[in-house]
Amino acid sequence: MVISISVAIVAIAFAVLVVFLVKTLLSAKDSLDNVSATLKDVQKTMEELTYEVKQTIRNVNDITGDVEHKLQQVDPVVESVKNLGVVLSEITETVKDLTIKTKEVSGTLFDRVKFASGKSEHSTNAHSMVTASTPEDRTLQSYSATYDKNGHNNGAWLNWVDTAVNVWQKFRKIPSK
């Protein structure tokens, strides 16, 4: 009898063990079913996202091509602006140089006019015409003849014309870079 009771206890223990094992396996099966369903949802979402990502990449490629085309169209404008900057810089340098040279020429002309008018006050017009050595001096002396007897300058505008002509001649002689 002890053996039959032992076998009965082992049989009952085995049955209880099988019941718990079946519950555990059923629980694992449910978990695996949930994981499978989740994976199917993830796979479906990934397929949808893959389609959208591919569309986005196509759009980005189109936009990149369009931007590249527009940049190529703008390149000549940028190059022109660059060249304009170089030209303006050169013009600024030239004007700066011309300003310096104009000041020098103006000072020289002023000294010549001052010297010529001082010379004409101390000598007669005929004598000044004979002793003048440069064409500019002779021109200035001939203009001094336009003054009337009272000392009024009726031909002052002629001095300005002469100065302008001399400045123009000096500019024409300036070597260009």
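Select Lys96 and Glu93 in helix 1: they are 3 residues apart and separated by about one helical turn. In this predicted model, their side chains meet in a salt bridge, with N to O at 3.9 Å. Colour the pair by accessibility next: Lys96 is partly exposed at 47% relative accessibility, and Glu93 is likewise partly exposed, at 37%.

Next, select Asp66 and Lys70. Both residues belong to helix 1, where 4 residues, about one turn of the helix, separate them. A salt bridge links Asp66 with Lys70, and the closest N and O atoms are 3.3 Å apart. Asp66 counts as partly exposed at 36% relative accessibility; Lys70, at 46%, also counts as partly exposed.

Then move to Asp33 and Lys29. Helix 1, which covers residues 2-122, contains both, again 4 residues and about one turn apart. Asp33 has a relative accessible area of 41% and is partly exposed, as is Lys29 with 48%. The structure holds 3 salt bridges.

Finally, display the whole protein as a cartoon. How many helices and strands does the protein have? There are 4 helices and 0 strands, so the pattern along the sequence reads α-α-α-α. Switch to a surface view: the protein exposes about 14,500 Å², of which carbon and sulfur atoms supply 66%. Of its 177 residues, 9% count as buried. Among contacts with a separation of 6 or more, 40% involve residues 24 or more positions apart.

Key: Residues are numbered from 1 along each chain as its sequence is written. This is a predicted model: local features need pLDDT of at least 70, side-chain atom pairs count only at pLDDT 80 or more; totals for chains, interfaces and linings use all residues. Side-chain values use heavy atoms; hydrogens and water are left out. Helices (H or I, at least four residues) and strands (E, at least two) are DSSP runs, numbered from the N terminus. Buried means under 20% relative accessible area, exposed over 50%, partly exposed in between (1.4 Å probe, protein chains only). Contact means heavy atoms within 4.5 Å. Accessible areas come from the Shrake-Rupley method with a 1.4 Å probe; for residues, only the protein chains shown count as cover. A salt bridge is a side-chain nitrogen of Lys or Arg within 4 Å of a carboxyl oxygen of Asp or Glu.
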